[in-house]
Amino acid sequence: MNDKIKRLECEPSLHAGLLVHITRASIGVPSGTMGLIIKASRTGYNGRAPGNHIDIYDVQILGSGRTVRRMSRDLEVIQ
């Protein structure tokens, strides 16, 4: 299991420059909205277990220039 955690930390599937669909609707941002990841951040140790972190992405909405923050589970890469 530790190997799996290390592999996930070393190989993030999302990074700046990817075009994505936002899969979770929020106020002003409907599900299916397209955006560009402009920044990726990782939270630090949250007190529960070592290696337990959350990746957060700043996504610029196409067409409006607005920037929103989303977790990886709310994004889907456009291929």
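What follows is a short chat about the sheet, its strand pairs and its salt bridges.

Me: What kind of model is this, and which pLDDT limits apply?
Reply: It is a predicted model: local features need pLDDT of at least 70, side-chain atom pairs count only at pLDDT 80 or more, and totals for chains, interfaces and linings use all residues. Residues are numbered from 1 along each chain as its sequence is written, and side-chain values use heavy atoms, with hydrogens and water left out.

Me: OK, the sheet. What is the strand order?
Reply: β4-β3-β2-β1-β5, an open sheet of five strands with antiparallel pairing. Strands are DSSP runs of E, at least two residues, numbered from the N terminus. Two strands pair if DSSP finds at least two bridges between them.

Me: Which strands stand at the edges?
Reply: β4 (67-71) and β5 (75-77). Each has a single partner strand, so one side of each lacks a neighbour in the sheet. From one strand to the next, the twist averages 45°. Axes there are lines fitted to C-alpha atoms, and angles run from 0 to 180 degrees between N-to-C directions.

Me: How many bridges join β1 to β5?
Reply: Three, with β1 covering residues 19-22. I22 stands opposite L75 in β5.

Me: And β2 to β3, how many?
Reply: Seven, again antiparallel; β2 is residues 34-42. β3 and β4 pair over five bridges.

Me: Is β3 enclosed or open, and why?
Reply: Largely enclosed by the rest of the structure, because five of its seven residues are buried. Buried means under 20% relative accessible area, exposed over 50%, partly exposed in between (1.4 Å probe, protein chains only).

Me: What about the hairpin of β3 and β4?
Reply: There are five residues between the strands, and G63 takes a positive phi near 95°. L62 is in that loop too. L62 is partly exposed at 44% relative accessible area.

Me: Which residues form the nonpolar patch?
Reply: M34, L36, I38 and L62, with about 310 Å² of accessible area together. Areas come from the Shrake-Rupley method with a 1.4 Å probe. Patch residues have over 30% relative accessible area and no salt bridge; nonpolar side chains are joined within 5 Å, like charges within 9 Å.

Me: Switching to charges. How many salt bridges are there?
Reply: Three. The criterion is a side-chain nitrogen of Lys or Arg within 4 Å of a carboxyl oxygen of Asp or Glu.

Me: Where do R24 and D74 lie?
Reply: Their side chains meet at 2.8 Å, N to O. R24 lies in the loop between β1 and β2 and D74 in the loop between β4 and β5, so the pair ties together parts 50 residues apart in sequence. D74 is buried at 6%, while R24 is partly exposed at 45%.

Me: What does R42 form a salt bridge with?
Reply: D55, with the closest N and O atoms 2.8 Å apart. D55 is buried at 17%; R42 is partly exposed at 39%.

Me: And R69?
Reply: R69 forms a salt bridge with D58, closest N and O atoms 2.8 Å apart. R69 is in β4 and D58 in β3, 11 residues apart. They stand opposite each other as well. D58 is buried at 12%.

Me: Last one: what is K39 in contact with, neighbours aside?
Reply: Beyond its neighbours within four places in sequence, A16, I56, Y57 and D58. Contact means heavy atoms within 4.5 Å. K39 is in β2 and partly exposed at 45%.

Conventions:
Helix = DSSP H or I, 4+ residues; strand = E, 2+ residues; numbered from the N terminus.
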